[in-house]
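Hi,

Here is the structure I promised to pass on. Have a look at it first, then read my notes below.

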Amino acid sequence: MLSIRLSRTGKRKQPLYRLIITEKSQDPWGTYLENLGTYNPRTNPATINFKVDRIKDWISKGAQCTETVWNILIDQKVVEGEKRKTAKLSIRRKEVMAKKNEEKTAKAEKAAAKAAEAAEAAAAAKAAEAEAAKAAAEAPAESAPVEEPVAAEKPAEETAA
C-alpha cells in the first residue's frame, strides 16, 4: 500500500521535511516514488510548498496519508474532511487523563456554585436595598406630620399682672 508521508531532511535542530510517496513498509529516508513538496515548520507561519495536483492524483489512485500529513492537507484545503488525532494514548494514560478531567469538572462545578451563591446574595442584597429605599420613600409621603406652630409662651411677668 502506498503512503504519503513526511521525510525529515536538514541539519540537526533545523528540520525540513519532504512530502513523499512511498511504499508503507519502506524506510521514509530511503528511496521514494515521487517528491510531492516541502514543509518548513520553523518559519512563522510554516512554509508549505506542495504539488496539489499530484497529491490529489495519488490519493485518487488509493494512496493513504499519515495523520500529520492529512491534517496539514486539510489546513491547506487540499482535501476535505475532519482532522485525525495524531497522539495514541496508552490505557493507563487514558485513565489518568480521565481522572484529571473529572477533577477539573468538579472544580468548575464548585466554582460555578460559588458564583451562583454570590450572585444570589448580591441579588438579595439589591432587593433588600430597593425595598428599604421604597419604604423610606413611601413613609414620609403617607404620614408626614404637619408641624403646628407652637404658641409662643408669654413671659411670666405678663401672666402675673
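This is a predicted model: local features need pLDDT of at least 70, side-chain atom pairs count only at pLDDT 80 or more; totals for chains, interfaces and linings use all residues.

Residues are numbered from 1 along each chain as its sequence is written, and side-chain values use heavy atoms, with hydrogens and water left out.

Start with strand β1, residues 2–11. (Strands are DSSP runs of E, at least two residues, and helices are runs of H or I, at least four, numbered from the N terminus.) β1 pairs with β2 (residues 14–23) in the antiparallel sense over 10 bridges; pairing takes at least two DSSP bridges between two strands. The two form a hairpin with two residues between them, and K13 in the turn has a positive phi of about 65 degrees.

β2 also runs antiparallel to β3 (residues 34–40), joined by five bridges. Follow Y17 across: in β2 it stands opposite R8, and it stands opposite Y39 in β3.

Now find I4, which sits in β1. I4 counts as buried because its relative accessibility is 0%; buried means under 20% relative accessible area, with a 1.4 Å probe and protein chains only. Among the residues I4 touches are L19, L36, W58 and V69, where contact means heavy atoms within 4.5 Å. I4 and L19 lie 15 residues apart in sequence, yet 6.9 Å apart in space, C-alpha to C-alpha.

Last, helix α2 (residues 67–75): V69, W70, N71, I72, L73 and I74 are buried there. The buried residues of α2 pack against β1, β2, β3, β4 (47–50), α1 (52–60) and β5 (64–65). After α2 comes K77, with a positive phi near 60 degrees.

Cheers

Methods: Buried means under 20% relative accessible area, exposed over 50%, partly exposed in between (1.4 Å probe, protein chains only). Lists of a residue's contacts leave out its neighbours within four places in sequence.
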